[in-house]
Amino acid sequence: MRKKPLAAAPALPRLPKAPTGIDGLDEITEGGLPRGRPTLVCGSAGCGKTLLGIEFLVRGIQQFGEAGVLLSFEETAAELAANVTSLGFDLGALQANKQLRIDHVHIDRAALEETGEYDLEGLFIRLGYAIDAIGAKRVVLDTLEALFAGFTNQALLRAEIRRLFGWLKDKGVTAVITAERGEHTLTRQGLEEYVSDCVILLDNRVIDQITTRRLRVVKYRGSTHGTNEYPYLITEEGFSVLPVTSLRLEHEVSDNIVSSGVPGLDAMFGRGGWFQGTSTLLTGTAGTAKTTLAVAFALAACQRGERCLYFAFEESPAQLVRNMRSVGLDLAPYIASGLLRLEASRPTLSGLERHLVVVHKLIGQFRPQAVVIDPISNLVSVGSASEVRSMLTRLIDYLKVHGVTALFTALVSGSRGLVELAEEGVSSLVDTWISVRDLEGIGERNRGLSILKSRGMAHSNQVREFVVTARGVELLDVVIGPLGIVTGAGRLSQRLQEQAVARAAQFEVDRNDRELERKRRVLEATINNLRTEFESVEEELRRVNDQAQARQQAQDRDRGTLAAGRPSGGPSAPSETPA
């Protein structure tokens, strides 16, 4: 008996979410905060809890048309509006348009006295009126500790906290509640994280005098979410969260080839360059022309009409332009035309996260087709090797998703540098790895270039010597000596030897030609003598033949004459007489 195929299970409804509009946060939470449910945002002082709540309201109004209510227990409406003006948020205008309502509830902790029964009924009435007045869909309470300050009855506090969260759910608003972090718990009361549907932890730590802010989604009922710690920044444009695991390897690829800006280097690749939208790592010791090669790549991109964004961590823009002009790479016209943008700063100016956010922001504004970071090794001064690798992973994925061709330079020290770089995993992140190094010998230092890897493309395995001239970088032809490829003075000596051998060979060829010419003339003279002798013999033989022929003819004539003079009857025979 044949079994009937099972019918497909109907699609189950997914948890509705309210997008925050905050860069990166919606990606980590896979769509936003749980709609109609409370979300707890906890952290220590200076983490940006209030700012996250305000931006959640403002983005909801501006991008999704959802009115909001901000209930503050610490700062007044005027103070809040002044604090976020630098971020471009005009809270006063939003209040005037009845899109936002800010209500400040003043609580004087010194005047608080716990007497009789305590409940939040008055707060519910006040908050419910504010919600109904503008039809708010979003609510922010800042902060929870100020509301319950001065009360020691833990049982009462826990009951009222549960009641507050339940009331917000019944009201159907998407709420963000800020809370201060406890000593060994997420919050001071240690209860809010259990009754919240979503808990976001903000952390502000200082490592090696560098401030780093991190965000982690501790829990999210009814939805999957990113579980890692994600760096975030508070910039002039608000919150910026940098996701890591949400970036999947699903970016599109291109078969187009872009030039490195150095014809000789392009010729070392099987297709005359590397793929568009890939990342290339250029490593080498100090003084091996890494910056010059990077600028040549940027200049080639501008010459193709592409926009290029160049991050310099060691030279100012003016210094870079001057230095490159001396080797025939003039950047000024492309800077003036807007195709090239130079961004120069010291790595120690800020942490890795801020550098990454700045890169994201400038790429979003400038929309470049090519990006150069020179060098990435300087970033180790503001973070550990693992942190730098994590940053580069996010950056490379971000660039690939946007189809940007990237070139990174890195300073390595000695022969161990390449091994260390490979061990740290930086080299495995990129698609093409080019190594430049010193070639020392015979009292001089030369530069060599080789391709260590190039994904998806055949490439040369030779170490090519190159020089930096007034016309840019030039790769020299390969010269092979008795012990292999020679460079520098050895190259000159080898060429002189080859020229001497060539002159000797040419002299031998010329001598052989002259000897051949002499032999040809002797042979021709011999042939002429033989021809003359042959002509003489021929003439003599002809004379002898003519004489013999003349005698024969004379004999024939004599015979004819004799024959003509004899009588025709001939002599008569004597007659017989009778006896």
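Ala, Val, Leu, Ile, Met, Phe, Trp, Tyr, Cys and Pro count here as nonpolar, Asp, Glu, Lys and Arg as charged, and the others, Gly among them, as polar. The model on your screen is predicted, with local features needing pLDDT of at least 70 and side-chain atom pairs pLDDT 80 or more, while totals for chains, interfaces and linings use all residues. Residues are numbered from 1 along each chain as its sequence is written, and side-chain values use heavy atoms, without hydrogens or water.

**First stop: the largest pocket.** Select D23, S240, H360, K361 and Y398, the closest to its centre among 21 lining residues. A pocket is an open set of points on a 1 Å grid over the protein atoms alone, with protein on both sides within 12 Å along at least five of seven lines; a cavity is a set where a 1.4 Å probe fits but cannot get out, and lining residues have an atom within 4 Å of a point. The lining comprises eight nonpolar, seven polar and six charged residues. Now colour domain 1 (17-110 + 120-241) and domain 2 (257-478): both contribute to the lining, so the pocket lies between them. Domain bounds come from an automatic or database assignment.

**Next: the largest cavity.** Pick S260, L265, W274, T280, L282, L293, L407 and I434, which line this cavity. Six of these lining residues are nonpolar, two polar and none charged.

**Then: the second largest cavity.** Which residues line the second largest cavity? Select L281, I376, L392, I396, F408, V426 and V430. The lining has seven nonpolar residues, with no polar and no charged ones.
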